[in-house]
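Thanks for coming, everyone. Please have a look at the structure on the screen, and then I will walk through it with you.

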Amino acid sequence: MLSGNTSIQSPTEERRAESHKLIDDLMHSRTSILALYSRLADRKPFEQQDQAEVFELLEEFCQLLIDYTAAAHFRLYRYVDENKEKRRAVLEVAERIYPRICEITQTILDFNDRYDQQLQKKTAINTLEKDLSNLGVDMAQRIELEDQLIRVMNAPRTRSGSNAGASKR
C-alpha cells in the first residue's frame with residue numbers, strides 16, 4: 001500500500017538522489033577532516049607540544065582521513081566502476097582524474113600506515129610537520145579533482161542524457 005506520497009521515482013531519479021546524498025555526506029566528511037587537519041597543523045612545532053595530545057589528534061585525524069578516502073574512493077566512483085554511469089560528461093571527467101585520485105589515495109594510505117605504526121609505538125614524531133604539509137598539498141589537489149567530478153555530476157541533464165555543456169569545447 002502506498003502512503004500519502006504517490007510520486008514514484010524512476011531508477012535514474014533514485015540513482016541521482018542517492019548520488020546527491022553521497023555528495024552531501026562527502027562534503028560533511030571533508031569539512032570535518034579539514035577542520036581536524038587545521039587543529040593538528042596548529043600544534044606545530046610538534047616536538048614542543050604535549051605528545052599525548054598530538055598523538056590523540058593524529059589518531060583521530062588518521063581515522064577520519066581513511067574513512068573519507070574510502071567513502072570517496074568506493075562510493076563516489078562506484079557507478080563509474082560498475083558501468084552504471086551513463087552521462088558522457090561524468091565518464092570523461094572520471095576517466096581524466098581517476099589516475100591521480102588513485103595516486104593520492106596511495107599517499108593517504110602511506111601516511112596512515114606510517115603514523116599508525118608510530119602511534120602504536122608512541123614514538124617521537126620527527127617528520128610529522130613535513131609529512132602533514134605534503135599531505136595537505138595532495139589533499140587540496142584531490143579536493144579540486146573531486147569537485148570537478150561533483151560539478152559535472154550535479155549539472156542538469158539534457159534531453160539526450162548527457163550533461164548540459166558537455167558538448168561545448
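Cysteine 62 counts as buried because its relative accessibility is 3%, where buried means under 20% relative accessible area, exposed over 50%, and partly exposed in between, with a 1.4 Å probe and protein chains only. Cysteine 102, by contrast, is partly exposed, at a relative accessible area of 29%. The structure holds zero disulfides, a disulfide being a pair of cysteine sulfur atoms within 2.5 Å.

A word on what we are looking at: this is a predicted model, in which local features need pLDDT of at least 70 and side-chain atom pairs count only at pLDDT 80 or more, while totals for chains, interfaces and linings use all residues. Residues are numbered from 1 along each chain as its sequence is written, and side-chain values use heavy atoms, with hydrogens and water left out.

The pLDDT, the predictor's confidence in each residue from 0 to 100, averages 83 for the protein, and 86% of the residues score at least 70. Over residues 161-169, however, pLDDT stays under 50. Where pLDDT is low, the predicted coordinates should not be read in detail.

Leaving aside neighbours within four places in sequence, leucine 128 is in contact (heavy atoms within 4.5 Å) with Phe46, Val54, Leu58, Phe111 and Tyr115.
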